[in-house]
Amino acid sequence: MTDTTWVLDPPTTITTKRLVLRHFNMADAPALAAHLDNLEISKWVTTMPHPYTVEDARWFIENLDAPLRFAITLRDTGELIGCVGIGKELGYWLAPAQWGKGLMKEATTALVTYWFNHTDDDLPSGYFVGNERSASVLYHLGAVDDGVITQTCRALGQDVPCQRLILTKAAWQSRQNR
């Protein structure tokens, strides 16, 4: 994959039926820390430390390295409930109180639509084996298996198997035309 995210002109916001994807700001740090200090989230993300502090959240916001990384907020309240982005790959997390509502599928669909409207590049991703919620999101998008590797989970301090996936523009378009 080429580093298309650096040449795309990223939107300020992406709005869906129930969500607003927007850029992070320092006011998000307390909510980010409150969500990400939960091991039920951090154990599924490679680089996230645990415990997760407000200082960690501030560092994250100050050092965002991908212009296509967004805070996921509820459209009706503005509450920050997660993150979705594309840097070297598609990544995301969602607050457990929001699980099972289809919100991550909605957020990733919106971002992947933007991606494939602006590039033909394949979109890699992955999930730690055992994270069935994440697997469901990626397979819903049309991603296909691309091998299993071992990655270090910083929050757990151990190596874990990671199912790698790839989403092509052709597979994405095929899913959208159903």
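A crossing of two helices is called left-handed if the near helix is turned anticlockwise from the far one by less than a right angle, and right-handed if clockwise. The model is predicted, so that local features need pLDDT of at least 70 and side-chain atom pairs count only at pLDDT 80 or more, whereas totals for chains, interfaces and linings use all residues. Residues are numbered from 1 along each chain as its sequence is written, and side-chain values use heavy atoms, with hydrogens and water left out.

**View 1. Packing of helix H1 on helix H3.** H1 (residues 29-36) passes H3 in a right-handed crossing, and the two helices pack at an angle of about 115° with their axes 8 Å apart. In the contact (heavy atoms within 4.5 Å), Ala29, Pro30, Leu32 and Ala33 of H1 meet Val54, Ala57, Arg58, Phe60 and Ile61 of H3. By class, this contact has 8 nonpolar, no polar and 1 charged residues.

View 2. Phe24, in the loop between strand E2 (19-22) and H1, counts as buried because its relative accessibility is 9%, where buried means under 20% relative accessible area, exposed over 50%, and partly exposed in between (1.4 Å probe, protein chains only). Leaving aside residues up to four places away in sequence, Phe24 touches residues including Leu32, Phe60, Ile61 and Leu64. Phe24 and Leu64 are 40 residues apart in sequence and 8.9 Å apart in space, C-alpha to C-alpha.

**View 3. Cys153 and Cys162.** The structure holds 0 disulfides, a disulfide being a pair of cysteine sulfur atoms within 2.5 Å. The sulfur of Cys153 is 10 Å from the closest cysteine sulfur, in Cys162, and is therefore too far for a bond. Cys153 is buried at 0% relative accessibility, and Cys162 is buried with a relative accessible area of 2%.

How values were computed: Axes are lines fitted to C-alpha atoms, for helices over the stretch in contact, and angles run from 0 to 180 degrees between N-to-C directions. Helices (H or I, at least four residues) and strands (E, at least two) are DSSP runs, numbered from the N terminus. Ala, Val, Leu, Ile, Met, Phe, Trp, Tyr, Cys and Pro count as nonpolar, Asp, Glu, Lys and Arg as charged, and the others, Gly among them, as polar.
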